[in-house]
Amino acid sequence: MPPPSDIVKVAVEWPGANAQLLEIDQKRPLASIIKEVCDGWSLPNPEYYTLRYADGPQLYITEQSRAARQLMERIQSHSMEVRLDAMKELAKLSADVTFATEFINMEGITVLTRLVESGTKLLSHYSEMLAFTLTAFLELMDHGIVSWDMVSITFIKQASLGKGGYVSQPMVDVSILQRSLAILESMVLNSQTLYQKIAEEITVGQLISHLQVSNQEIQTYAIALINALFLKAPEDKRQDKLLNPLDLPITEMANSFAQKHLRSIILNHVIRGNRPIKTEMAHQLYVLQVLTFNLLEERMMTKMDPNDQAQRDIIFELRRIAFDAESDSNTIPGSGTEKRKAMYTKDYKMLGFTNHINPAMDFTQTPPGMLALDNMLYLAKFHQDTYIRIVLENSSREDKHECPFGRSAIELTRMLCEILQVGELPNEGRNDYHPMFFTHDRAFEELFAICIQLLNKTWKEMRATAEDFNKVMQVVREQITRALPSKPNSLDQFKSKLRSLSYSEILRLRQSERMSQDDFQSPPIVELREKIQPEILELIKQQRLNRLCEGSSFRKIGNRRRQERFWYCRLALNHKVLHYGDLEDNAQGEVTFESLQEKIPVADIKAIVTGKDCPHMKEKSALKQNKYCIWIDGLNALLGKDMSSELTRSDLDTLLSMEMKLRLLDLENIQIPEAPPPIPKEPSSYDFVYHYG
């Protein structure tokens with residue numbers, strides 16, 4: 001009878017001693033096997049010893065390397081059942097970086113690649129095994145131990161693209177499709193070379209088909225891949241104007257977002273689907289929204305060339321549309337050049353440009369640059385009645401009460417770019433997409449058309465003059481920023497929300513907020529605040545350091561799929577060392593210092609870089625959330641720098657307000673003077689002083 005497969009015979013050597021021939025049960029813990037070997041030679045302290053291979057690279061044997069070698073043998077077994085069980089186990093263990101390192105050192109990536117490349121033989125009967133194979137491959141690659149550039153073209157075509165690729169197959173298993181899309185996303189984000197290869201193979205139509213399914217997970221992976229391709233697309237490919245989105249190669253993906261078909265698919269099958277939008281899908285829609293608006297950045301940062309006739313013709317067109325009758329009369333033969341110039345100057349003044357003689361100069365400041373002119377032309381062509389009404393209505397008012405259309409449009413465009421953060425990278429911690437921006441092919445221009453009408457309405461409600469221009473713009477900004485959080489489903493709903501936020505309503509809201517804040521501005525109160533502030537800042541500093549000592553878990557940056565991969569960091573109680581290490585899952589309680597193997601001395605920290613300045617955050621901006629603010633504040637406090645996060649400012653305002661109210665509690669309903677009372681004169685005599693005894 002043959003021995004069980006888990007029992008192996010090995011020879012163990014020790015210098016100066018006879019070798020031991022042992023039968024080892026591979027299911028036994030490694031520590032107990034080492035103890036047995038040490039006992040055979042009467043060696044004390046078995047915990048000080050380990051086993052090492054005598055042949056080959058002579059690697060030390062650990063529990064992880066032992067498991068990796070066993071799995072390597074099992075996934076190459078002739079028995080399909082053994083291989084399937086091994087793949088299931090490998091998919092779980094690959095998330096562990098120590099195991100992954102051992103498995104990769106054994107050429108594990110190469111083995112998995114070969115299995116995937118021959119996956120057509122397995123797809124019809126062994127799709128479950130293929131799904132686990134792709135999962136393990138993705139987990140191993142996500143550790144960043146080996147470069148994505150080593151992936152072969154054959155693997156790309158088989159796993160994802162081409163005629164027989166899994167992304168292209170209509171009836172492929174859902175789990176295989178998910179892994180294939182995730183692998184594609186990681187390839188695009190981590191390798192410019194692979195981006196080029198993938199972009200040349202896949203078409204927009206292939207990805208659109210995955211947005212029309214009922215499985216939101218597939219839709220999420222598809223949009224994540226679209227975002228990755230969009231993010232990596234060269235600038236020239238983002239701005240090309242092509243027409244047929246379905247047949248576009250993926251190198252033209254950024255342009256295809258301007259096409260109605262793709263937008264309507266996302267709107268009808270994702271946003272307006274019958275399923276609630278999950279957090280990850282909301283994040284991907286937000287990223288898509290940001291990247292779409294970022295297409296405007298080039299125009300926003302382009303100055304107008306006053307000598308460019310094509311650009312000047314746009315301004316002539318704005319004048320022609322607004323003053324069509326006058327324009328026709330000016331073309332009568334015999335009208336002199338000087339007369340036309342004078343007429344143009346008058347018309348440009350009525351259009352509200354700051355520079356009446358050469359309005360092109362108004363567009364030389366960036367932002368908003370040429371984007372403002374684009375918005376004005378869009379309004380004049382597609383909302384012509386509104387445009388003419390606004391211009392003529394203001395030109396018929398008294399000079400001091402007219403709302404300058406040109407200047408207003410330029411400032412409004414700049415404001416919308418700031419509110420929508422045009423040009424900023426997507427923010428990893430945000431999910432606030434706006435459904436209304438997916439309802440129109442020219443969402444930004446439509447938003448401008450709505451807001452320019454709001455501006456004109458608010459100007460009339462405020463009875464503003466030229467001197468009040470900045471005040472009006474502040475009110476309009478407040479109206480827009482108060483309306484956006486309601487996330488209207490359409491632009492018409494957004495317009496209705498703005499209509500309800502009239503100037504009088506804004507004043508009422510401001511008054512209500514001001515009364516609730518009890519914001520006293522008298523000099524004694526201001527002086528008291530300045531005296532209390534250092535104490536409050538010290539209190540905040542101690543709270544931040546205490547939170548660092550408690551520790552926090554963080555999602556690993558390399559994990560593009562935002563799933564179950566975390567690491568933990570804690571500050572030592574003496575504030576001198578940061579301890580950190582990987583976690584099996586997102587820890588809810590405190591993690592001990594002993595379980596965190598890595599550490600960084602605080603004295604070795606030179607500086608803290610965040611957002612675009614951080615080399616590890618090339619594709620993301622910094623997280624705008626409390627955990628991020630607490631750690632940035634705490635690290636800055638350790639380095640002796642100011643705590644400048646939004647959370648610190650908020651906490652400082654809250655604690656200062658509470659402390660002020662407590663200290664002024666006895667002065668309720670008492671008028672606090674602006675200046676201290678005068679010191680009385682000395683008395684004429686001190687005879688009123690009594691001497692006791």
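Student: Does Asn-456 count as buried or exposed?
Tutor: Asn-456 counts as buried, because its relative accessibility is 3%. Buried means under 20% relative accessible area, exposed means over 50%, and partly exposed lies in between, with a 1.4 Å probe and protein chains only. This is a predicted model, in which local features need pLDDT of at least 70 and side-chain atom pairs count only at pLDDT 80 or more, while totals for chains, interfaces and linings use all residues. Residues are numbered from 1 along each chain as its sequence is written, and side-chain values use heavy atoms, with hydrogens and water left out.

Student: Where is Asn-456 found, and what is Asn-456 in contact with?
Tutor: Asn-456 is found in helix 24, residues 443-461. Helices (H or I, at least four residues) and strands (E, at least two) are DSSP runs, numbered from the N terminus. Leaving aside neighbours within four places in sequence, Asn-456 is in contact with Ile-390, Glu-393, Asn-394, Arg-397 and Cys-403. Contact means heavy atoms within 4.5 Å.

Student: What does the pLDDT say about the chain?
Tutor: The average pLDDT of the chain is 83, and 84% of the residues score at least 70. The pLDDT is the predictor's confidence in each residue, from 0 to 100. Over residues 325-330 the pLDDT is below 50, and this stretch has 6 contacts in the model beyond near neighbours in sequence.

Student: How many helices and strands are there in the chain?
Tutor: The chain has 30 helices and 8 strands. Of its 693 residues, 44% are buried.

Student: Changing topic: at what angle do helix 7 and helix 9 cross?
Tutor: The axes of helix 7 (residues 127-142) and helix 9 (residues 174-190) cross at roughly 25° and come within 9 Å. Axes are lines fitted to C-alpha atoms, for helices over the stretch in contact, and angles run from 0 to 180 degrees between N-to-C directions. Helix 7 and helix 9 are therefore roughly parallel to each other. Angles under 35 degrees count as roughly parallel, over 145 as roughly antiparallel, 65 to 115 as roughly perpendicular and the rest as oblique.

Student: And how do helix 9 and helix 10 pack?
Tutor: Helix 9 and helix 10 (residues 192-201) pack at an angle of about 130°, with their axes 6 Å apart. These two helices are therefore oblique to each other. Leu-184, Met-187, Val-188 and Asn-190 in helix 9 meet Gln-192, Leu-194, Tyr-195 and Ile-198 in helix 10.

Student: Which residues does Gln-178 touch?
Tutor: Gln-178 is found in helix 9 and is buried, with a relative accessible area of 14%. Not counting residues up to four places away in sequence, Gln-178 touches Asn-215, Glu-217, Ile-218 and Tyr-221.

Student: Which residues does the cis peptide bond with omega about -20° join?
Tutor: That cis bond joins Thr-366 and Pro-367. The peptide bond from Pro-367 to Pro-368 is also cis, with omega near 10°. Pro-367 lies in the loop between helix 20 (337-350) and helix 21 (370-382).

Student: Last one: what is phi of Ser-42?
Tutor: Phi of Ser-42 is near 60°, a positive value in a residue other than glycine. Ser-42 lies in the loop between helix 1 (30-40) and strand 3 (51-52), and counts as exposed at 64% relative accessibility.
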